[in-house]
Every structure is written in C-alpha cells, then in structure tokens.
There are 2 protein chains.
Amino acid sequence: MTIRLLLVDDHAVVRQGLKMFLKAESDFEVIGEASNGVQAIELARQLKPDVVLMDLLMPAMGGVEATGIIRREIPETEVIALTSVLEDSSVIGAIKAGAIGYLLKDTDGPELLRAIRAAAEGQVQLSPKAAARLMREVRAPESPEKLTERETEVLRLIAQGLANKEIANSLSIGEKTVKTHVSNIFSKLGVVSRTQAALYAASIGLVNLTHD
Amino acid sequence: MTIRLLLVDDHAVVRQGLKMFLKAESDFEVIGEASNGVQAIELARQLKPDVVLMDLLMPAMGGVEATGIIRREIPETEVIALTSVLEDSSVIGAIKAGAIGYLLKDTDGPELLRAIRAAAEGQVQLSPKAAARLMREVRAPESPEKLTERETEVLRLIAQGLANKEIANSLSIGEKTVKTHVSNIFSKLGVVSRTQAALYAASIGLVNLTHD
DNA sequence: ATCTGCCTCAGCCTTTAGATGGAGATATAG
DNA sequence: CTATATCTCCATCTAAAGGCTGAGGCAGAT
C-alpha cells in the first residue's frame, strides 16, 4: 500500500529535492506540490493525500493556519510540520492545529522516512528538540492567550509596518476600533509597543520578512 | 566530463534533496557535503570540487566568508550562492567574495542545472531577481545610505523593541540624541516609523528573532 | 588651518500611540 | 433563554514618537 504525499514548501528546490529523495522509496508517491498555504488547502481537498509535509514559514498563508484548516476539513489526512525554525509557539501552534509530527529540516533522511511512515499510520513523531519544547510547554503553560481571527489580522498588518490609520483603511473599520484591537493584542502577547508586537509576529513567521 | 560538486547547507534535508535531485543527472557527481562554512573550506581544500553550492545563512561561519576564503585559496573552484533570502548586502557580499552565481532557493530544477553547468564553465549565472538587485546597485548606489556605527547600534536596539528613553539609558546618552539618530536612520532607510525600521533590521538579520 | 562627517544636545511643534472605561450588535454554546 | 465571546465604535487623556532647526565638540582628511 503506497503512502500518498502532498509537499508544501515555498522553495522549489526543497520540493524538488524532497520529491527526488522520496521517489527512491517504493511505498511513497508524491501526488502534489504547493508553494503556500492556500494552494495546500486546495490540493488537499482535491487529492485527499495520506500525509502532508508542511513547511511552516510561507507567504500568502502560514503553515500553521493551513494545517488547522486541512485537519478540520479532511481529518483522515495527517500533517507533518517540516520547518527550519524551532520556535515555541510554532511547535505548540502546529500541534494544536493538528499536526501529528514536527520535524526540523536538519533531520536526516532515514528519520524523515520513519516519520512519514509513522504519520501515515496515525502515530506521533517529533524531533527530540521539538519534543523537549512540548514538554516544557505542558509543564509551564505560559501560553500567550490566543489571538482572535481579527486580532491576528491586525497583528499581521502591524508587522507590515502599517500605522493604525492605515490598518483602519485597509480593513474598512474605524481607527478607534483598530486601537482597541491593538491594545488587546498587546496585553495578550505581553508586549508594550507595536514594534515589539511586530517583531514577535515576524519571529513566528506571521509575515514574510524578505523584501523582494 | 563530470562536474564534481560540493554541497554546503546546514539543513540535512536540503542537502539530501539536492543530492538525490542531482544524482539523476549523469554529468554531475556530488563528492562532498558540509553543514557550515568551516567544514566547507576544509572539504574544498581536500576535494577541490569544480563547483560549490553554498548556502549563505549558516551557523559557525557564514557562506559569504567561506566563499571568500575558498575563492582565494582554490581559484579553480567556482561557488554558487544558493539562498532563501534576497537581500542587497547578501547579493553584493557574495559577488564581492567571488561567487559566480547567486540563486534563490525557489529556483526551479532546470534553472538550477543550467546554473551549475554554466558555473562549471566559469560563466556567470544569476537569478533574475538577484540580477535586478545587482543592476540597481551599480547604476544607482542609492544603496540605503549606509548607517553610521552609532546609528546601527541604535537601530539594533529599536529592533529589540526598546523605546527611545530605554535606548538613551542603554547607551548613556540623552533621549534627544536618540531621537536625532532615529530620525536620521529613518530617512536613510526610507521608512517612516520605528516599527518599519525594526522589521527592516530583522529582515537583514541585524537581530536574532528566534527567542529560544 | 579648514572642511567634513559624526556624535552630542536643545527647543518647539504636531501627530501617533496606547490605556481606560463604556457600549451596542451578533453569534454561538449551554 | 442566557451567558460568553467577538467585533464594532466612542470619548478622554497621557505619554511617546517624530519633524524641524540650530549648534557645539571632535576627529580625520585636504
């Protein structure tokens, strides 16, 4: 029985490489590729893959968000987060969003194969480092209160350097409303300025920093 | 005649993938892998590869520095910078260090092959985007006017989320002075708020975003 | 000796940011 | 039906941010 895979990464080289690497395994079949979260969701709907290898840091829509939507809509599809960053909220976010695995990109080949096979059977597979993070989190739920959808949207705009007035125009709401959201975001994130909030957003990959 | 390659990237998955991808090409042979700049230099000395695929963002020693050393010591080895970030100083830095090519990781497979073959023959190959950067740089050294040492210091603190008063204390200077620096930084960078400046600083790696 | 760039600081001004408290509307869960 | 959460908006106020102009000290270059 072959394991049908969907690859999601914004770097073509990484996708290409993974595809070639996985092709050597007879029980794997790459049935689709996506370069961002939106594409990933579309393809997941159409193809209903067994396992999704999901990069977390992507433009358009982050991997965490995409993971959540895929898991809600297609629960029989398992998602493995595959990322280069090891960051508390990413780990927790990905797990909470329903990822069954969290692997770092410096994982070696054999371990990657093990993880995919485990995921296809619904078994959990984490990088040792990621597992350590998770442990730390459970012991000390310093969970930054979860932002609402709207707040996340506002934070994203803050992290693009927009002023409150610009955010208001962008979302077609009042500046006062934006201020309310901003204040709520600050207290939830435990920061005291929009700059800190923007840096936090950048650190968890909510925005794309590369200015092309 | 086969092209002998050295792969340098801190992510094992990326190396693994590249290796598998390149294996399909009969005129390529991957003769070594390194996960950081120091290893890369050692291996380049021993193996004298035709082409080095060099990631720029690595621990221990960055790719730019490693490129410079390799090119000085082993001029017959060509280096292609392969990176996920497109940043002015990286492009310029890599080129100045002697890289014959600068490719983004979202380059597709065929273009990557073309670039490696071109490099092996000593021909220049740049990503269109990278080329555009280079052109912009040469014709209009509007390179975001270079910041002074002090300004860079202030920018770094801005990018750590500090307020002007905190920066003043941190540097043992007056808040007014800080404001002067901040204003100068803004006009040099072409931004209008400290948040935008902080994001710019983060995007060029002036600060470490991962709060581990 | 003069010029130039950098760092330092000042005053004055307008705009923005952020805190706080209150409030109406809708939707959803229990 | 009634909490609860979310989104929306308003007013008020203080603090911070940022623009603008001017200016003194200091080092290195010409």
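Gly17(A) is buried, with a relative accessible area of 2%. Keep in mind that this is a predicted model. Gly17(A) sits in helix α1 of chain A. Which residues does Gly17(A) contact, once its neighbours within four places in sequence are left aside? They are Gly17(B) and Leu18(B), so both partners carry the chain B letter, and the 2% falls under the 20% limit for a buried residue.

Let me stay with helix α1 of chain A for a moment. That helix covers residues 12-23, and together with β1(A) and β2(A) it makes a right-handed β-α-β unit. Strand β1 of chain A takes residues 3-8, and strand β2 of chain A takes residues 28-34. The two strands run parallel, and six bridges join them. As for one of the residues involved, Val8(A) has Ala34(A) as its bridge partner in β2(A).

Now chain A in general. There are ten helices and six strands in it. Of its 212 residues, 53% are buried. Take the contacts in chain A with a separation of 6 or more: residues 24 or more positions apart account for 62% of them.

Next, chain B, and its own helix α1. Arg15(B) lies in that helix. Is Arg15(B) buried or exposed? Buried, because its relative accessible area is 14%, and the cut-off for buried is under 20%. Apart from neighbours within four places in sequence, Arg15(B) is in contact with Leu7(B), Asp9(B), Asp10(B), Glu33(B), Ala34(B) and Ser35(B).

Helix α1 of chain B, residues 12-23, also packs with helix α5 of chain B, residues 109-120. The angle is about 80°, and the axes are 12 Å apart. That angle makes α1(B) roughly perpendicular to α5(B), because angles of 65 to 115 degrees are put in that class. On the α1(B) side, the residues that meet α5(B) are Leu18(B), Phe21(B) and Leu22(B). On the α5(B) side they are Gly109(B), Leu112(B), Leu113(B) and Ile116(B). By type, the residues of this contact divide into six nonpolar, one polar and no charged.

Back to chain A, and to its later part. Val207(A) lies in the segment after α10, which is 194-203. Val207(A) is buried, with a relative accessible area of 8%. What does Val207(A) touch, not counting residues up to four places away in sequence? The answer is Arg156(A), Ala159(A), Gln160(A), Ala201(A) and Ala202(A). Arg156(A) and Val207(A) are 51 residues apart along the chain, and their C-alpha atoms are separated by 6.5 Å.

Last topic: backbone angles. Most residues other than glycine have a negative phi. Phi of Lys48(A) is near 45°, a positive value in a residue other than glycine. Lys48(A) is in the loop between α2 (37-47) and β3 (51-54) of chain A. At 43% relative accessibility, Lys48(A) counts as partly exposed. Then there is Ser172(A), with phi near 60°, also positive and also not a glycine. Where is Ser172(A)? In the loop between α8 (164-171) and α9 (175-189) of chain A. Ser172(A) is exposed, with a relative accessible area of 67%.

How values were computed. Residues numbered from 1 in each chain as written. Chains lettered and ligands numbered in written order. Predicted model: local features only at pLDDT ≥ 70, side-chain atom pairs only at ≥ 80, totals over all residues. Heavy atoms only, no water. Axes fitted to C-alpha atoms, helices over the stretch in contact; angles between N-to-C directions. Helix = DSSP H or I, 4+ residues; strand = E, 2+ residues; numbered from the N terminus. Parallel < 35°, antiparallel > 145°, perpendicular 65-115°, else oblique. Contact = heavy atoms within 4.5 Å. Nonpolar A, V, L, I, M, F, W, Y, C, P; charged D, E, K, R; others polar. Pairing = 2+ DSSP bridges. Right-handed = clockwise from strand over helix to strand, strands pointing away. Buried < 20%, exposed > 50% of the residue type's maximum accessible area, 1.4 Å probe, protein only.
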